Amino acid sequence: MKTKSNLYRKEKYYGYLFILPPVLGFLIFALFPALYSLYGSFTDWDGLGRMDFMGLGNYQELLADEQFHKALFNTFYLMLGIPVGLVLALMLALALNRGKFGTTTFRVIYYIPVISSLAAISILWQWAYNGDYGLVNQFLEIFGIEGPNWLANKHTVKPAIIIMTVWKGLGYSMLLYLAALQSVPRSYYEAADLDGANALQKLRHITWPMVQPVTFFIVVTSIIGGSQIFTEINIMTPTGGTEYSSATVVFYVWQKAFGNLQMGYASAMAAVLGLFIFVVTLIQFKLDKSSDNHD
């Protein structure tokens with residue numbers, strides 16, 4: 001018993017030793033900065049000097065800040081690309097799951113943007129959207145259409161960025177859907193064929209329910225990622241676009257924090273954004289759980 005007890009304590013000691021680095025990393029690089037930023041949101045702070053406590057002053061200012069409202073609206077608007085990307089990714093996965101000749105090549109082609117540098121892709125699309133010599137407008141000229149200056153037009157800049165972000169993330173979502181489709185037992189489809197089900201019925205009653213966990217994962221991660229979009233905006237529209245039409249919340253946070261040295265105000269915006277991400281993610285989990293219970 002004594003030997004067994006000593007062995008248990010030894011294993012327990014080594015177990016704590018192994019989990020110590022990630023726990024310390026979380027505390028030092030995630031939890032502590034988050035709590036420090038939360039406290040900073042209640043202060044007047046330039047990031048260098050003293051933090052003067054001012055209560056809810058920053059949050060009250062946010063309510064009347066038109067640029068913050070625009071940035072919030074733009075962030076929500078850009079998330080319209082999420083359902084578009086889901087539909088396209090599922091369609092591509094269904095097509096590539098047929099196992100026809102050349103499907104491996106197409107998988108690689110569609111996945112290349114995912115592993116490419118986001119900065120490089122943003123510069124590439126910035127060139128493509130140029131109103132004078134951009135590839136997009138050159139293509140439209142073939143059909144006699146005069147394209148706008150996409151990134152300098154407040155009406156086209158957000159759809160242009162949505163197209164780019166959908167294109168960038170399409171390969172990742174497609175690969176997840178493809179893995180889910182390949183795990184569906186063929187016997188389900190064979191049974192449906194015997195019952196006389198058509199392609200649409202098989203998609204609705206077999207394919208879609210089987211890929212729902214993947215859809216849930218993609219939606220949650222896409223909302224979290226979409227809420228924090230920054231690099232594309234900073235490179236393609238460095239000023240936030242005409243009439244601040246492309247600025248997102250994170251872009252505005254960066255401007256206030258490092259451009260105007262209003263760290264306290266930027267921390268308040270970051271806290272609001274963090275709360276939004278938490279609430280939306282919680283709702284998604286609740287909806288997914290209720291859907292499972294209903295099934």
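Ala, Val, Leu, Ile, Met, Phe, Trp, Tyr, Cys and Pro count as nonpolar; Asp, Glu, Lys and Arg count as charged; the others, Gly among them, count as polar. Keep these classes in mind. The model shown here is predicted.

Start with the largest pocket. About 600 Å³ of space lies in it. Its lining has 24 residues. By class, that lining holds eleven nonpolar, eleven polar and two charged residues. Thr-165, Val-166, Gly-169, Ser-222 and Gly-226 lie nearest the pocket's centre. Helix H3 (66–78), helix H4 (81–96), H8 and H10 each give two or more residues to this lining. H8 gives the most, with seven residues.

Now look at H8 and H10 together. H8 spans residues 157–182, and H10 spans residues 199–227. They pack at an angle of about 145°, with their axes 9 Å apart. Their crossing is right-handed. On the H8 side, the contact uses Tyr-172, Ser-173, Leu-176, Tyr-177, Ala-180 and Leu-181. On the H10 side, Thr-207, Trp-208, Val-211, Val-214, Thr-215, Phe-217 and Ile-218 take part. Ten residues of this contact are nonpolar, three are polar and none is charged.

Move on to the second largest pocket. About 410 Å³ of space lies there. Helix H9 (186–194) and H10 each supply at least two residues of the lining. Here the classes divide into five nonpolar, two polar and five charged residues.

Methods: Residues numbered from 1 in each chain as written. Predicted model: local features only at pLDDT ≥ 70, side-chain atom pairs only at ≥ 80, totals over all residues. Heavy atoms only, no water. Axes fitted to C-alpha atoms, helices over the stretch in contact; angles between N-to-C directions. Helix = DSSP H or I, 4+ residues; strand = E, 2+ residues; numbered from the N terminus. Left-handed = near helix turned anticlockwise from the far one by under 90°. Contact = heavy atoms within 4.5 Å. 1 Å grid on protein atoms, 1.4 Å probe; cavity = no way out; pocket = protein on both sides within 12 Å on 5 of 7 lines; lining within 4 Å. Points joined across faces, edges and corners; volume = space filled by probe spheres on them.
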